[in-house]
Amino acid sequence: MNLDFNELKLEQVTRRFAGSAAAALNELSLNVRRGEFIALLGPSGCGKSTALNCIAGLLDLSGGRIMLDGTRIDVLPPEKRGFGMVFQNYALFPHMTVRRNIGFGLLMRGVGADQAARRVQTALELVQLSGHEDKLPGQLSGGQQQRVAIARAIVIEPPLVLMDEPLSNLDAKLRLEMRAEIRRIHRELGRSTIYVTHDQDEALSLADRIVVMKEGVVQQIGAPAQIYGQPANLHVARFMGYRNVLEMEVESASGSAVTLARGPLRLSGTAMQPLAGKRAWVAIRPEELAASGGGPNLIEGVIENAEYCGRDSLIDVRTVAGALLHARAPAGSAAGEQVRLSVAPERVLVYPHL
Amino acid sequence: MMAAPRFDRALLLVTPATLFMLLLFIYPFIYGLVLSFQPMEEAGWLANYQKFFSTANLWMTIGTTLKLALPATMVNVALALPMAFKMRGTSRIQKLVTMLLVIPVTLGTVLIAEGMLTYFGPRGWLSQTLQWLHLYEGPIRLTHNYWGVLISLVISGFPFVFLLMLSYITGIDPVLARAASTLGASPAAQFRHIYLPLLIPGIAMAFCLAFVQAFSVLPSAVLLGAPAGPTRVISIAAYEAAFEQYDYSMASAIAMIMGFVQLVVVAAVLSLRGLFYRGPVAGGKG
């Protein structure tokens with residue numbers, strides 16, 4: 001297997017499961033460049049793990065193909081592909097010591113004992129587990145097991161590292177630590193990585209590019225800032241934290257600038273997709289809907305509920321028009337107070353009403 | 001802080017089971033043990049054991065029984081392991097095979113022996129079919145000898161071993177084998193490095209249970225074997241002592257020897273198991 005490659009190409013990769021009409025993964029096309037960190041992001045059941053298993057060879061394709069540079073690899077069994085994989089529950093071999101777990105891939109490749117021992121030691125140092133070589137997985141904490149799983153996947157120097165929700169079994173603090181670890185290891189080794197997660201923060205902080213999926217279909221592929229700031233459609237917007245979604249009437253549109261109305265409420269926003277018909281969805285992030293004295297898109301209302309979050313408060317505002325909006329306000333805001341919100345027109349995203 | 005209660009009343013719940021064990025297992029066992037040291041004839045307290053080990057047609061039953069029980073158990077484990085392994089994922093075939101295999105367990109050895117007599121006998125279907133196909137003309141002797149008993153032990157013991165092995169194998173997280181495959185392990189290597197080491201405790205346990213069952217063979221040794229010679233197993237000796245010579249003391253002594261031999265084999269197998277990994281068979285915290 002070539003350790004380095006220029007491009008991994010997924011061409012309309014499709015996977016159907018018996019007894020289900022809809023494809024679990026529908027025509028996923030994606031090019032992964034050498035050294036790139038890709039996150040497959042979506043809610044559970046969106047097909048992201050199916051995609052990963054198809055790439056690893058643990059699932060057969062129902063259609064499409066996978067090319068590694070010029071070679072077609074989707075016809076190879078997993079043991080011939082040589083991708084390192086980190087599993088959600090780590091899948092460490094319980095009867096093998098840490099050393100033998102990490103060395104397993106090298107043993108299968110027939111690497112000599114001396115060289116294998118050296119490479120296992122290097123991998124152990126990389127994941128900062130030196131001194132734990134002779135322990136069994138059952139004697140390690142969750143975070144340590146995760147490190148062993150990562151070391152085991154990268155010690156074989158795979159062209160591609162696959163990670164299936166590797167942090168979802170860890171507690172919040174450890175998850176942040178391991179996230180930084182994964183980023184550091186990726187920076188040090190520069191191995192191409194495909195990372196499956198349902199956590200937006202993980203995807204945004206780790207990935208060079210994010211693939212957002214829903215019900216087996218790719219919704220958007222883009223850099224983190226693009227996914228965060230310009231969701232391609234309403235599903236992506238909702239998933240990326242645009243909690244205020246309102247149905248409004250289109251009053252006028254010129255180019256991407258749109259004016260919308262809902263009773264007495266009037267907003268100017270930016271169309272993200274070509275609009276059709278008189279109605280549209282408006283999506284606004286709570287963080288961008290700020291309590292202020294004045295500004296564009298002024299909305300008046302009464303605070304119904306205020307959650308203290310330390311630096312500021314998360315407030316629920318009932319507008320004069322009757323809609324309930326989530327917004328951020330200075331700490332100390334209390335229920336029952338009058339409030340004026342405003343939001344920049346380029347942060348009022350408008351999507352067609354389908 | 002509250003002091004821990006000195007007596008957990010929930011422990012009372014084990015009383016019926018304990019009484020049951022005492023009445024139906026421990027008491028008869030001790031009774032038999034004591035009885036075996038009280039020979040019928042006026043002789044020393046070890047007379048029964050001395051007689052057993054000095055009479056050829058008694059002590060030789062140990063070897064005869066081992067020669068049947070050990071191969072039968074090994075064949076059963078050797079057949080059940082790959083079959084159960086192949087069957088670990090495919091749930092519909094698994095259900096069907098499991099159902100088919102439960103039948104011999106429920107039938108009991110006597111019915112199996114009857115069936116085998118008509119099937120494997122000199123004028124049975126097997127013999128007639130082979131002759132009709134001109135595959136084998138001579139008489140087939142698979143009953144009333146060693147082979148008849150061995151076959152019946154395999155038939156009656158296999159489902160038991162298979163079901164045990166299947167439950168051990170399906171208890172192993174299949175994601176471990178998948179992880180091994182991504183690390184370059186072929187299916188054969190996955191079996192050797194992942195499944196086999198994790199199955200050793202299960203194999204040892206299945207071997208012990210199947211062996212104990214086979215060692216106490218009686219009906220098929222009488223019905224399908226040659227109870228006077230090659231298949232004169234130890235339980236026949238005990239049966240004769242008890243119900244033909246009415247020497248319960250001698251019968252108890254034979255039963256004790258039988259139990260001791262079983263114990264030795266089981267202890268040997270389980271101590272071998274101790275050389276291998278015996279922890280949980282799941283990967284990580286799950």
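1. Conventions. Residues are numbered from 1 along each chain as its sequence is written, and chains are lettered from A and ligands numbered from 1 in the order in which they are written. Because the model is predicted, local features need pLDDT of at least 70 and side-chain atom pairs count only at pLDDT 80 or more, while totals for chains, interfaces and linings use all residues.

2. Chain A overall. Chain A has 9 helices and 20 strands. These are DSSP runs numbered from the N terminus: helices are H or I with at least four residues, strands are E with at least two. The C-alpha trace spans about 75 × 45 × 35 Å along its principal axes. Of its 354 residues, 42% count as buried. Buried means 20 or more other C-beta atoms within 10 Å of a residue's own; exposed means 12 or fewer, partly exposed lies in between, and C-beta atoms are placed from the backbone. Among contacts in chain A between residues at least 6 apart in sequence, 66% join residues at least 24 apart. A contact needs C-beta atoms, placed from the backbone, within 7 Å.

3. The sheet of 4 strands. Its order is S2-S1-S4-S5 in chain A; it is open and pairs antiparallel. Two strands pair if DSSP finds at least two bridges between them. Strands S2 (25–33) and S5 (71–72) are at the edges; each has a single partner strand, so one side of each has no neighbour in the sheet. Strand S1 (residues 7–15) is joined to S2(A) by 6 antiparallel bridges. Leu25(A) in S2(A) is the bridge partner of Arg15(A).

4. The sheet of 6 strands. This open sheet of chain A is mixed, in the order S6-S7-S8-S3-S9-S10. Its edges are S6 (84–86) and S10 (217–222), each with a single partner strand, so one side of each is left without a neighbour in the sheet. The twist averages 15 degrees from one strand to the next; angles run from 0 to 180 degrees between N-to-C directions, with axes fitted as lines to C-alpha atoms, for helices over the stretch in contact. S3 (residues 37–41) and S8 (residues 192–197) of chain A pair in parallel over 5 bridges. There, Phe37(A) stands opposite Thr193(A).

5. Pro158(A). This residue lies in the loop between helix H5 (142–154) and strand S7 (160–164) of chain A. Pro158(A) counts as buried because 23 other C-beta atoms lie within 10 Å. Leaving aside residues up to four places away in sequence, Pro158(A) touches Gly82(A), Phe83(A), Gly84(A), Ala153(A) and Arg191(A). Arg191(A) is 33 residues away in sequence, with a C-alpha to C-alpha separation of 7.7 Å.

6. S11 (residues 244–254) and S12 (residues 257–262) of chain A are antiparallel, with 5 bridges. Ser252(A) has Thr259(A) as its bridge partner. The hairpin has 2 residues between the strands, and Gly255(A) takes a positive phi near 65 degrees. S12(A) then pairs antiparallel with S13 (residues 265–271) over 6 bridges. Again 2 residues separate the strands, and Gly263(A) in the turn has a positive phi of about 60 degrees. Arg262(A) stands opposite Leu265(A).

7. The core. The largest nonpolar core has 168 residues; Ala39(A), Leu40(A), Leu162(A), Val282(A), Val161(B), Met165(B) and Ile254(B) touch the most other members. Such a core is a set of buried Ala, Val, Leu, Ile, Met, Phe, Trp, Tyr and Cys residues joined through C-beta atoms within 7 Å. Helix H7 (residues 146–170) of chain B gives the largest share, 13 residues.

8. Chain contact. Here 24 residues of chain B are in contact with 27 of chain A. On the chain B side, H8 and H9 are the elements that give two or more residues. H8(B) gives the most, with 7 residues.

9. H8(B) and H9(B). The axes of H8 (residues 174–182) and H9 (residues 187–215) of chain B come within 10 Å and cross at roughly 135 degrees. That makes H8(B) oblique to H9(B). Under 35 degrees would be roughly parallel, over 145 roughly antiparallel, 65 to 115 roughly perpendicular; the rest is oblique. Residues in the contact include Leu176(B) and Ala177(B) of H8(B), and Gln190(B) and His193(B) of H9(B).

Definitions and conventions: Contact = placed C-beta atoms within 7 Å.
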